[in-house]
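Subject: Structure handover

Hello,

My notes on it follow below.

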Amino acid sequence: MSGAPLDGLRVLEIPSFVASPLCGLTLAQLGAEVIRIDPIGGAADQHRWPLAPSGTSMYWTGLNKAKKSVTLNFRDPEGQRLLADLVAASGPGGGIVLTNAAGRPWLGYDHLATVRPDVIHLQILGHHDGRPAVDYTVNAGLGFPLITGPEGHQGPVNHVLPAWDVACGLYAAVGLLSAERHRRVTGEGSRITLALEDVALAVTGHLGFLAEAQLTGADRPRIGNYLYGGLARDFATGDGEQVMVIAVTARHFADLAAATGLAPTFAELERLLGADFAVDGDRYAHREVIASLLAPWFACRSVADIGRDLAGASVLWSRYRRLADLVSDGSLAGHPMLREIDQPGVGAVLAAASPIEQDGRLAPCPASRLGADTAEVLAGLLGLSAAEVRALAERGVAGEGGSP
């Protein structure tokens, strides 16, 4: 790959948890130089699960691949000044600050704009008014756990994936890139705030959930593994597995009916019900009777048989798999996005490059050990000598590196 898309971009990241580090990782894997700056000893996410047998956080190393790691004493005014100096000295493609820290005037836009007027500063908040929040509280507040889960279930069902954090991190990357383009055109910096709750509200609105609640005055029903407004469900197979089958379009359903030999049966059912299964709403309204007719076909076939009989059809389906299956059954071997890396503190693990394939991909790189790049960054950007960096470490202003 000759020249990564974001070559020349330099981002200073003062993050924790998911959204901010994911934003930085997204940019780093496209070629930006991302320098993560932590307090000495690490931030609150330093030892978050899952952990390797050594105790190293695979969560932390996973989100900080391809970044440089610097540690400073944020409680010391000299450490705060060093961070401002790094912002000022980070070059024409620098002056970009990403953080989810709150209540730190020395890290805020107003202060950093005094040392670099064209600074681009993005702060991730919980709520738009500055109140704290995390993915799981935002999700609870929007009502999704009360429409997730099997029909008849009474309590909330949380989602395992922190979807709003992920969306927020990707929105943040877009926000920084849009501000950098604006600066190239106008020379002006930007103050950007991005609230996690706002991201969740925006996506909820885009997908029609808010309008539906507004116009109907009702919540969506809990329907288990069915697809709202269409036809999809899990089915048990003859070899003890389960598969998810989805017919999103009329063609999908027609191909499913043909492949299972049920086309005449469904045609007669349509006549009896006065329905048209080419219409999404009719497939949804009669999903239970349709599924009851399909279930025996899947129940008498193995997963391999299903794959054979659905080959060439447009039907969307997948066997339910465990995460452990993905790394043990060889199905990921040769995947162009994945590469085995030697991650310090963890060992040899599969790591993903950017899913964006643009004139090739940069290979995934391990995360640095906490603070491992402190001396290099302070010397390279601020011109400090080895003796000066050593003196900072001795005074507890800057770190000397350590295990993540």
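Leu-27 touches Leu-6, Val-11, Ala-32, Val-34, Ala-173, Leu-176 and Leu-177, leaving out residues up to four places away in sequence. Contact here means heavy atoms within 4.5 Å. This is a predicted model: local features need pLDDT of at least 70, side-chain atom pairs count only at pLDDT 80 or more, and totals for chains, interfaces and linings use all residues. Residues are numbered from 1 along each chain as its sequence is written, and side-chain values use heavy atoms, with hydrogens and water left out.

Cores

The largest nonpolar core has 31 residues. Leu-27, Leu-122 and Leu-176 touch the most other members. Elements giving two or more residues to this core are helix H1 (19–28), strand S4 (96–99), strand S5 (120–125), helix H6 (163–186), strand S6 (190–195) and helix H7 (196–206). H6 gives the most, with 7 residues. Apart from this core lies another, of 27 residues, among them Leu-86, Leu-107, Tyr-109 and Leu-392.

On terms: a nonpolar core is a set of buried Ala, Val, Leu, Ile, Met, Phe, Trp, Tyr and Cys residues joined through side-chain atoms within 4.5 Å. Buried means under 20% relative accessible area, exposed over 50%, and partly exposed in between (1.4 Å probe, protein chains only). Helices (H or I, at least four residues) and strands (E, at least two) are DSSP runs, numbered from the N terminus.

Whole chain

The chain holds 16 helices and 11 strands. Its C-alpha trace spans about 85 × 50 × 40 Å along the principal axes. Of the 404 residues, 44% are buried. Among contacts with a separation of 6 or more, 69% join residues 24 or more positions apart.

Helix pairs

Axes are lines fitted to C-alpha atoms, for helices over the stretch in contact, and angles run from 0 to 180 degrees between N-to-C directions.

Helix H5 (residues 135–142) packs on H7 at about 40°, with axes 10 Å apart. The two are therefore oblique to each other. (Under 35 degrees counts as roughly parallel, over 145 as roughly antiparallel, 65 to 115 as roughly perpendicular, the rest as oblique.) The crossing is right-handed. (Right-handed: the near helix is turned clockwise from the far one by less than a right angle; left-handed: anticlockwise.) Asp-135, Val-138 and Leu-142 of H5 meet Leu-196, Glu-197, Ala-200, Leu-201 and Thr-204 of H7. By class, that contact has 5 nonpolar, 1 polar and 2 charged residues. (Ala, Val, Leu, Ile, Met, Phe, Trp, Tyr, Cys and Pro count as nonpolar; Asp, Glu, Lys and Arg as charged; the others, Gly among them, as polar.)

Helix H10 (residues 263–273) and helix H12 (residues 287–299) pack at about 160°, axes 12 Å apart. That makes H10 roughly antiparallel to H12. Their crossing is right-handed. Thr-265, Phe-266 and Leu-269 in H10 meet Val-289, Ile-290, Leu-293 and Leu-294 in H12. This contact divides into 6 nonpolar, 1 polar and no charged residues.

Two single residues

His-252 sits in helix H9 (residues 250–259). His-252 is buried, at 12% relative accessible area. Beyond four places in sequence, His-252 touches Ile-246, Ala-247, Ser-314, Val-315 and Leu-316.

Gln-80 lies in helix H3 (residues 77–88). Gln-80 and Leu-107 are 27 residues apart in sequence and 7.9 Å apart in space, C-alpha to C-alpha. Leaving aside neighbours within four places, Gln-80 contacts Asn-73, Phe-74, Arg-75 and Trp-106.

Regards
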